[in-house]
Amino acid sequence: EAVLSTAPVYAQPVAELALAMAISLARRMHEADAALRVGKEFKGDNHDSFLLHGKALGIVGFGNLGRALLPLLRPFSNEIIVHDPWLPKAELEAKGVIPASLDETFARCRVVFIVAAITAENTGQIGARQFASMQPGSVVILGSRAALVNFPELLAAARSGHIRAGIDVWPVE
């Protein structure tokens, strides 16, 4: 038998990793862990930590990875917003998600999971405009292809503190 794609095999582990990164970033668990490892008390103020529960959660791309992520997010929110320009609105609604434009997904969601496939049309389409539209301290998880985002703009938004970024894929792996 020929193997055409390994994506279905990796969808579940990557979806679980994406969720773990989102929880860690939302609650600043990684910062507390880093402080503990060097013998310091974590002085992070929890005023800017948040729960995923009850928040609008966004998925950009609803292929194998987006579909694997969906059941993991359902216990946290009834408002799961999906941007996938290749799927009909009715198909997304049948999955119990809210179809939205790319800009609307970022503006409405406290956490956005970028898990789309890369095409000539979407290369570099996510950048400063989308990140700036998010509530300060929101979380962006880049879980599929680095070329989907303007990587310097992603890093700048994270360095500024406006967003918190979880990155599983880099421009050069």
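**Exercise 1. Characterise the largest pocket: its volume, its lining and the elements involved.**

Step 1: volume. The largest pocket holds about 530 Å³ of space. A pocket is an open set of points on a 1 Å grid over the protein atoms alone, with protein on both sides within 12 Å along at least five of seven lines. A volume is the space filled by probe spheres set on the points, which are joined across faces, edges and corners.

The model is predicted: local features need pLDDT of at least 70, side-chain atom pairs count only at pLDDT 80 or more, and totals for chains, interfaces and linings use all residues. Residues are numbered from 1 along each chain as its sequence is written, and side-chain values use heavy atoms, without hydrogens and water.

Step 2: lining. It has 21 residues; Ala-7, Leu-65, Val-115, Ser-144 and Arg-145 lie nearest the pocket's centre. Lining residues have an atom within 4 Å of a point.

Step 3: elements. α1 and α3 are the elements that give two or more residues to this lining. α1 gives the most, with four.

Step 4: classes. The lining divides into 12 nonpolar, six polar and three charged residues. Ala, Val, Leu, Ile, Met, Phe, Trp, Tyr, Cys and Pro count as nonpolar, Asp, Glu, Lys and Arg as charged, and the others, Gly among them, as polar.

**Exercise 2. Describe how α1 meets α3.**

Step 1: geometry. The axes of α1 (residues 7–27) and α3 (residues 64–73) come within 8 Å and cross at roughly 45 degrees.

Step 2: contact (heavy atoms within 4.5 Å). From α1 come Ala-7, Pro-8, Ala-11, Gln-12, Val-14, Ala-15, Glu-16 and Leu-19. From α3 come Asn-64, Leu-65, Ala-68, Leu-69, Leu-72 and Leu-73.

Step 3: classes. The contact has 11 nonpolar, two polar and one charged residues.

**Exercise 3. Find the largest cavity's volume and lining.**

Step 1: volume. About 60 Å³ of space lies in the largest cavity, where a 1.4 Å probe fits but cannot get out.

Step 2: lining. Among its residues are Val-60, His-83, Asp-84, Trp-86 and Leu-148. By class, the lining has six nonpolar, four polar and one charged residues.

Key
Axes are lines fitted to C-alpha atoms, for helices over the stretch in contact, and angles run from 0 to 180 degrees between N-to-C directions.
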